[in-house]
Amino acid sequence: MPAPKPIHVLSDHVINKIAAGEVVERPASVVKELVENALDAGATQIEVEAVGGGRQLVAITDNGCGMGRDDALLAIERHATSKIQDVDDIEHVATLGFRGEALAAISAVSHFTLTTRPAADLAGTELVIAGGKLADVKDAGCPPGTRIEARRLFFNVPARRKFLRADATELAHIRQMFVVYALAHPEVGWRLVVDGREAMRLAAGATLGDRLRDIVGADLARQLRPLDLTRHDITVRGYAGQPAAARQDRTEQYVFINGRPASAAAIYHAINEGYHTLLPPGRHAPIFLFIEVDPEQVDVNVHPTKKEVRFRQPGAIRDAVIEAIRRALQPTPTTGITSSLLTMPPPTTAIAASAEQQIKLLIPDLPPPRTFQFPGLPMLPPSAPPPTAVPGAAPPAAAPTPAQELKNAAHSPWLWCRVLGQVGGLYVVLETEDGLVLMDPHAAHERVLFEQLLKQYTSHAVKSQGLLAPETVELLPATAEAVRENLPLLREMGFGLADFGGDAFIVDALPACLGGASSRAVLAAIAESLAKGGARGGSARAVEEAVAQAACKAAVKARDVLRLDEIEQLVVALARAEMPYTCPHGRPTIIFTSYGELHRKFGRA
Ligand code: ADP
Ligand code: MG
């Protein structure tokens with residue numbers, strides 16, 4: 001056992017250096033703190049400079065309210081702030097800062113210069129601090145506002161310095177921080193200067209839409225749908241990306257709570273839920289989420305950098321975010337045409353007029369017809385000629401021809417199209433008014449069946465189709481248990497299902513829209529998803545999951561050879577889908593290449 005060591009109180013100097021470690025982790029943290037101060041000071045113009053990845057210099061210049069000399073001297077003390085008086089104030093703090101730690105921390109671990117002047121004062125003040133010790137105070141001729149320079153960050157904390165990464169990495173963090181705040185404040189003008197060169201300049205007084213376009217580029221901006229939802233005292237605004245724009249990580253996901261960049265597990269969970277059935281696991285759509293809630297509902301004081309926040313009622317926030325995303329992605333004729341990637345600009349009148357004639361089958365002989373019933377799709381008799389050639393030949397019951405239906409589809413990805421055939425024994429090739437479309441028939445069919453069955457389920461109108469011969473389906477013990485627990489759900493989905501004892505079930509009916517699917521395959525797949533998800537029966541998620549599994553098993557297989565009329569029916573059905581662009585597991589149903597893109601690739605300007 002070691003001998004007890006004497007206890008002593010740490011000197012302020014040591015305390016400050018330790019505390020600095022909590023607030024300042026890397027050059028980007030300096031940018032964050034100083035930018036927040038500039039915003040709190042009411043700046044309308046903010047400039048961020050970095051040299052050598054921010055290790056040599058981080059400087060922030062603002063045109064905010066500035067400080068008189070006494071305040072400037074106080075500002076660099078620990079726990080000195082103008083933003084709160086009392087603990088209770090934290091509950092409704094409207095400023096980004098309030099802990100009074102940043103300037104003390106940064107000046108403790110850098111060569112620090114603060115130059116500041118309130119507009120009303122004739123002269124400004126300059127403070128020079130090195131490693132936390134005040135070295136100089138003097139008058140300075142400077143414009144109204146504040147400039148803070150932090151040079152040689154961590155010069156006196158070698159342990160910290162070692163953890164800094166390559167300049168390029170540190171710079172990437174700085175850029176990211178800059179972008180976050182520039183997005184949060186489109187009304188402010190911003191400039192980023194890297195190693196003496198201007199890297200970004202963003203004009204003041206912009207709208208969020210303008211700012212987004214400037215930052216993420218026009219291509220991504222085109223794939224964003226506006227979010228706008230108010231639920232009680234929660235407002236969700238911003239933009240949500242189409243599933244097609246998704247990527248592997250969350251780098252394009254920005255969350256702001258009451259104007260403060262923030263992260264909260266509840267929000268990320270809600271984003272995933274919002275995109276559930278639109279994206280496969282592990283894919284993340286870009287999203288710019290601005291949530292406004294009563295400040296008393298958020299605890300921002302969980303972490304010194306205030307990044308992690310907690311909600312008093314995470315459930316309400318979560319629901320609002322999910323609903324906002326779902327609504328935004330719901331295509332409507334008006335938003336669809338203007339802002340979705342795959343919906344096309346309005347056609348020229350010539351094209352519109354000829355829409356009826358445009359579903360043409362160019363290649364008369366596909367490989368030998370293999371009669372495949374498209375469950376859930378209106379069947380044309382196998383010998384039916386292309387409907388446009390002999391309009392009257394359509395069966396009497398099927399009133400609209402596919403061409404008409406296509407035109408009627410409110411959120412159709414195309415206004416007219418022509419089926420060119422199937423390539424690689426798999427992909428369907430379509431010509432549309434605006435480009436070339438490749439369609440995966442399995443994914444497309446899955447989407448169509450998924451929406452049909454889900455719609456019927458939610459409106460309690462599932463049509464069930466009795467099997468000619470009831471089938472006994474033997475399941476694995478764990479999945480059998482899941483089926484047993486969810487029997488009511490499965491019956492509501494249209495399954496005729498009875499427990500046969502052991503791990504076996506008798507199936508005597510299937511949802512009619514699944515057509516001649518194998519009851520064994522469908523049931524086994526649903527059972528597995530129910531068992532794996534541990535989802536509560538009847539929860540929206542469990543139902544979606546189960547319906548998605550059923551749709552997957554009932555859909556045409558990837559390598560099935562399709563007749564042209566079958567392809568045509570599938571194209572029509574997909575065009576009528578609410579969310580035609582992805583299968584319920586989030587894989588794309590169609591890949592679109594615009595003529596513009598082709599022209600570019602062929603070098604036609
Ligand atoms: P906090 O922001 O939590 O109050 P800081 O250490 O970041 O703590 O800043 C201390 C105080 O210095 C602030 O409360 C503010 O009054 C003043 N201050 C800091 N930066 C600026 C600035 N850019 N313009 C005007 N005042 C500033
Ligand atoms: Mg601050």
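Is helix H18 largely enclosed by the rest of the structure or largely open, and how many of its residues are buried? H18 is largely enclosed, because 11 of its 15 residues are buried. Buried means under 20% relative accessible area, exposed over 50%, and partly exposed in between, with a 1.4 Å probe and protein chains only. Helices (H or I, at least four residues) and strands (E, at least two) are DSSP runs numbered from the N terminus.

This is a predicted model, in which local features need pLDDT of at least 70 and side-chain atom pairs count only at pLDDT 80 or more, while totals for chains, interfaces and linings use all residues. Residues are numbered from 1 along each chain as its sequence is written, chains are lettered from A and ligands numbered from 1 in the order in which they are written, and side-chain values use heavy atoms, with hydrogens and water left out.

**The whole chain**

Select the chain. It has 20 helices and 22 strands, and buried residues make up 50% of its 605 residues. Among contacts (heavy atoms within 4.5 Å) with a separation of 6 or more, 71% are between residues 24 or more positions apart. The accessible surface is about 28200 Å², and carbon and sulfur atoms hold 56% of it. Accessible areas come from the Shrake-Rupley method with a 1.4 Å probe; for residues, only the protein chains shown count as cover.

Select residues 540–554, which form H18. This helix of 15 residues reaches 21 Å from its first C-alpha to its last, close to the 21 Å expected at 1.5 Å a residue. The expected span is 1.5 Å times one less than the number of residues. Its buried residues include Ala542, Val543, Glu544, Gln549 and Cys552. Show the cover next: it includes H10 (314–329), H14 (441–458), H16 (487–492) and H17 (519–533).

Move to H17. Its end C-alpha atoms are 21 Å apart, which agrees with the 21 Å that its 15 residues should span at 1.5 Å a residue. Colour its buried residues: Ser519, Val522, Leu523, Ala525, Ile526, Ala527, Ser529 and Leu530. They pack against strands E19 (464–474), E20 (496–501) and E21 (504–511), and against helices H15 (477–485), H16 and H18.

**Strand E2 and its partners**

Select residues 57–62. This is strand E2, mostly covered, with five of its six residues buried. E2 pairs with E1 (residues 45–51) in the antiparallel sense over six bridges; two strands pair if DSSP finds at least two bridges between them. Glutamate 47 stands opposite threonine 61 of E2. The two strands form a hairpin with five residues between them, and glycine 52 in the turn has a positive phi of about 60°. E2 also pairs with E6 (residues 145–151), antiparallel and over six bridges. There, leucine 57 has arginine 151 in E6 as its bridge partner.

Stay in E2 and pick aspartate 62. Aspartate 62 is buried, at 10% relative accessible area. Its side chain reaches the backbone nitrogen of glycine 64 at 2.8 Å. Beyond its neighbours within four places in sequence, aspartate 62 is in contact with residues including Gln45, Ile46, Gly145 and Thr146.

**Threonine 116**

Select threonine 116 in strand E3 (residues 111–117). At 1% relative accessibility, threonine 116 counts as buried. What joins its side chain to that of threonine 146? A polar contact of 2.9 Å does. Such a contact is a pair of N or O atoms within 3.5 Å; within protein, one must be able to donate a hydrogen and the other to accept it, and residues adjacent in sequence count only if both atoms are side-chain atoms. Leaving aside neighbours within four places in sequence, threonine 116 also has Gly66, Met67 and Cys142 among its contacts.

**Ligand 1**

On asparagine 37, a polar side-chain atom is 2.8 Å from an oxygen atom of the ligand. A polar backbone atom of alanine 102 is 3.2 Å from an oxygen atom of ligand 1. Taken alone, ligand 1 exposes 530 Å², and the protein buries 93% of that. Show the 19 residues around ligand 1 (a heavy atom within 4 Å); Asn37, Thr81, Ser82, Lys83 and Gly100 come nearest.
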